[in-house]
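Student: I have a model open and would like to talk through how its features get their labels. Could we go step by step?

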Amino acid sequence: SFDTIQPDDVIFTAGRLEPKKGIDTLIRACSLLKKRCVRFTCVIAGTGPLLHKLRQLVEKLELERNIVFVGWQSQEEIRSYLMDASVLALPSRRLRNGDSDGIANIIVEALALGTPIVTTTASSANEVIVDTVNGLLVPPDNPDRLAETLAAALTSKELLIRLAKAGRKTAEELFDGSKNIQELEAFFAQALKAPLQAHRPKST
């Protein structure tokens, strides 16, 4: 269910802790937020090969009181964290081999729930996220821009509510299951009405 009540100062991210997710960029952005005296808590859900290195980076930047690792979470638990978050941050990057994130399920859920999204132009999310309209886009591997954008979101309830409403509209237009099924049914019904002769091989 959609809700425009925005919790205070909570950044949430979730996913496998691997290079293309860019969680290190988010952690460095959090360090900048702390230096700018922006109040926040960052919750990181997920596990993966970079967990130890990311924990070390948090300790190095003295962010133990600001960043919390909560490990793997179920779909229901992820949804609960989304509802309790001010923003969903997905700082993904494109790897040298071209690997990058697609349109993750968590993006669709955040749009539907009313949790504003801050993500990068490196993933396929920009196929549905229009910067400053239904979400916020930043360049990948840019902690300064990410921190600046997160600060703007965390300190403006008006912005968060506007993004939430536009995000819900996007979810309803692009990801409504019953609507998509009806469109598929209409497509296949039309295809079945095509003359069978058009599909028969020509005799030789």
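This is a predicted model: local features need pLDDT of at least 70, side-chain atom pairs count only at pLDDT 80 or more; totals for chains, interfaces and linings use all residues.

**Strand pairing and burial**

Student: What makes β1 and β2 a pair of strands?

Tutor: Pairing asks for at least two bridges. Strand β1 (residues 10-14) and β2 are joined by five bridges and run parallel, so they pair under that criterion.

Student: How do you know that β2 also pairs with β3?

Tutor: Use the cut-off of at least two bridges again. Four bridges link β2 to strand β3 (residues 67-71), and these strands run parallel, so they count as a pair. V43 takes part here too: V68 is its bridge partner in β3.

Student: Why is β2 called largely enclosed?

Tutor: A residue is buried when its relative accessible area is under 20%. In β2 (residues 41-45), four of the five residues are buried, so the strand is largely enclosed by the rest of the structure. For the protein as a whole, buried residues make up 42% of the 204 residues.

Student: Which elements make right-handed β-α-β units with β2?

Tutor: One unit consists of β1, helix α1 (residues 23-35) and β2. Another consists of β2, helix α2 (residues 51-60) and β3.

Terms used: Residues are numbered from 1 along each chain as its sequence is written. Side-chain values use heavy atoms; hydrogens and water are left out. Buried means under 20% relative accessible area, exposed over 50%, partly exposed in between (1.4 Å probe, protein chains only). Helices (H or I, at least four residues) and strands (E, at least two) are DSSP runs, numbered from the N terminus. A crossover is right-handed if, with the strands pointing away from the viewer, the path from the first strand over the helix to the second runs clockwise.
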